[in-house]
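Here are some notes to read alongside the structure, written as numbered points. Take them one at a time and look up each place as you go.

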Amino acid sequence: MEFRAPLEDILFTLSALGADRLDHYDADLTREIGEHFGRFATDVLAPINAIGDAQGCRLENGRVRMPQGFKEAFDQLAADGWQGLTAPEDFGGQGQSHIMLGVTSEIFSGANHALQMVTGLVPGAIRTLLTFGTEDQKSAYIPKLIDGTMLATMCLTEPNAGSDLARIRTRAVPSGGAWKITGEKIFISGGDQDLTDDIFHLVLARTSDDGLKGLSLFIVTGRVSVTRIEEKMGLHASPTCQIVFDETNAELIGSEGQGLIAMFTMMNHARIDVALQGVAHAARAFDLANAYAHDRVQGQINGSDARLIDHDDVRRMVDDIDALALMSRGIAHLAMIELERGDKPALIEFLTSMAKVFGSEAGIRAAETGMQVLGGYGYLTEYGLDQTYRDARITAIYEGANGIHTRTLATRGIKSGGAEAFGQLLQDLGASQDSQERWAQAVEYVQRGSATHMAPYFYQVAAQVLVSVLSHHYEAQADTHPDPDRIRRVARHVCVHADAEATKGIFIMNALCA
Ligand SMILES: Cc1cc2nc3c(=O)[nH]c(=O)nc-3n(C[C@H](O)[C@H](O)[C@H](O)COP(=O)(O)OP(=O)(O)OC[C@H]3O[C@@H](n4cnc5c(N)ncnc54)[C@H](O)[C@@H]3O)c2cc1C
């Protein structure tokens, strides 16, 4: 089934959650750009998605070869200016907002997650350069990232340093006014590819033995040595590279010892992107399951032939999938709206982690439920739901495994004021008295008991009270969507579950406190 960008749903959520009140949000322009990118996604990005999955990437003589059609698609992407969508106009970009990027990123991931992985780190790299780069670094690299001469990577992971970056061993030493890096990085997305002439690697390396404070951020350009690419469950068209630096020339970006802070600019950006990858998979699963359930005739109801969707259990599953897409998008859009406002850093961090966990779980669960709706055909490769599931699965692991994000919400979220700001957000969104009380209760329990032990349930309460309030917003504004009946039905369907799940989280936290 042809890929279709879920633009009406995207625009509905943005306006239901208040993007219209942002200074730089222009709903008409967002529609126009979304439509334009949606056509590109349907015509160019989506048709090579299954090809990329089947062919995968190859390592030939130390160089990565991308699957058929990927180079041509990237050339068109770059030529049409999409790589510079959010870059400042002074450097040749289009100066658009995070919101606009969120719209195109979601559509991109729904059409071709693997290619989005390889091309999608560019806006974060540009932002890192703008925040921490020297004038020379900005002018040397930003135009090349915009025009498609360069793609960007993010090099953190090492064999002994996954979630725990304090174990990074790759070392940088000063050398004649510059730096030389030696060490090995693994799992680097796009560590090499044959889409661009050059690659802009942002590498976290050790400049002293002082744990996380001994890490600094470096720019390495040019081809680096790729020793292997990983065989994976999904994302076959995204090369996951092991790369080796051997006294490789590097430039420091930002201050020595501030590497993690600088890398966080890139990572926070990537986390919203991962949330949207999950949303995109959920939306695709909905499209496939909904269309199939309306088409296939099976069984009878009141003596007449029935379609799958006429059976209550199938209707429930399709609505579950729809709700996962609509609600995960809502949480991601709230994070994007706060990021655009920029005046509440603790809330941005809190919502970003929530969006990452909720979005990734939504994509996986939606794909899995979608398979059930399609029955045997869901398990086959014919409809592509297997690829959706396989590609979506990684989102719960990379960019901070979900368990680490939930722990952060319950620990740092309390200390930084993020949880408090979230409580205020609930109030501002008009959450019911019950929801606000559930949230206050969760905050009290997590402070009283073991925060790391309670983290998953604390997250559960946070996510479900938010889903509950979002469902009320969607229902109230359903008439602004072209299919108001669908929005109302799904909002009502999800609301009951959300309140029950939040109550369950409170119940478990209470038991853990005792
Ligand atoms: C397809 C793919 C693409 C990737 N792309 C990149 C990339 O471009 N750049 C890059 O640098 N890395 C990349 N990674 C690496 C990815 O970010 C790591 O896999 C991830 O950070 C987890 O590290 P790990 O695999 O070593 O797992 P581990 O750190 O060993 O963790 C294993 C499990 O234990 C749990 N865990 C670990 N520590 C804690 C803790 N302190 N508290 C609670 N739970 C914990 C985690 O939840 C996780 O589920 C990629 C990985 C894959 C598979």
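1. Start with E399: is this residue buried or exposed? E399 is buried, because 24 other C-beta atoms lie within 10 Å, and 20 or more are enough for that label. You will find E399 in the loop between α12 (385-393) and α13. Please keep in mind that this is a predicted model.

2. N302 counts as exposed because it has 6 C-beta neighbours inside 10 Å, and the label applies at 12 or fewer.

3. H24 is partly exposed, with 13 other C-beta atoms within 10 Å. Its place is in the loop between α1 (7-16) and α2 (27-45). From H24 to A280 the C-alpha atoms are 24 Å apart, and the two residues are 256 apart in sequence.

4. L212 is another partly exposed residue, with 14 C-beta neighbours inside 10 Å. It belongs to the loop between β6 (198-206) and β7 (215-221). Which residues does L212 touch, not counting residues up to four places away in sequence? They are L165, A166 and L260. L212 and Q258 are 46 residues apart in sequence, and their C-alpha atoms are 8.9 Å apart in space.

5. Next, have a look at helix α1. Its buried residues are D9, I10, F12, T13, L14 and A16. These pack against several helices, namely α2, α5 (98-119), α8, α9 (312-341) and α17 (451-476). After α1 comes G18, with a positive phi near 95°.

6. In soluble globular proteins, nonpolar side chains tend to be buried together. Here, the largest nonpolar core has 171 residues, and F218, F458 and A462 have the most contacts inside it. Helix α8 (residues 259-295) gives the most to this core, with 18 residues. You can trace the surroundings of F218 yourself: leaving out residues up to four places away in sequence, it touches A172, W179, I181, V203, A205, A250, E251, L252 and I253.

7. How do two helices meet? Take α10 (residues 345-374) and α13 (residues 402-410), whose axes come within 9 Å and cross at roughly 145°. The crossing of α10 past α13 is left-handed. On the α10 side the contact is made by F350, S353, M354, K356, V357 and S360, and on the α13 side by N402, H405, T406, T408 and L409. By class, the residues of this contact divide into 4 nonpolar, 6 polar and 1 charged.

8. Finally, visit the ligand. Of the 19 residues around it, which come nearest? They are L156, G162, S163, S189 and A401. The shell around the ligand has 11 nonpolar, 6 polar and 2 charged residues. β3 (150-155), β5 (178-189) and α13 each supply at least two residues of that shell.

Methods: Residues numbered from 1 in each chain as written. Predicted model: local features only at pLDDT ≥ 70, side-chain atom pairs only at ≥ 80, totals over all residues. Core = buried A, V, L, I, M, F, W, Y, C linked by C-beta atoms within 7 Å. Helix = DSSP H or I, 4+ residues; strand = E, 2+ residues; numbered from the N terminus. Contact = placed C-beta atoms within 7 Å. Axes fitted to C-alpha atoms, helices over the stretch in contact; angles between N-to-C directions. Left-handed = near helix turned anticlockwise from the far one by under 90°. Nonpolar A, V, L, I, M, F, W, Y, C, P; charged D, E, K, R; others polar. Near = placed C-beta within 6 Å.
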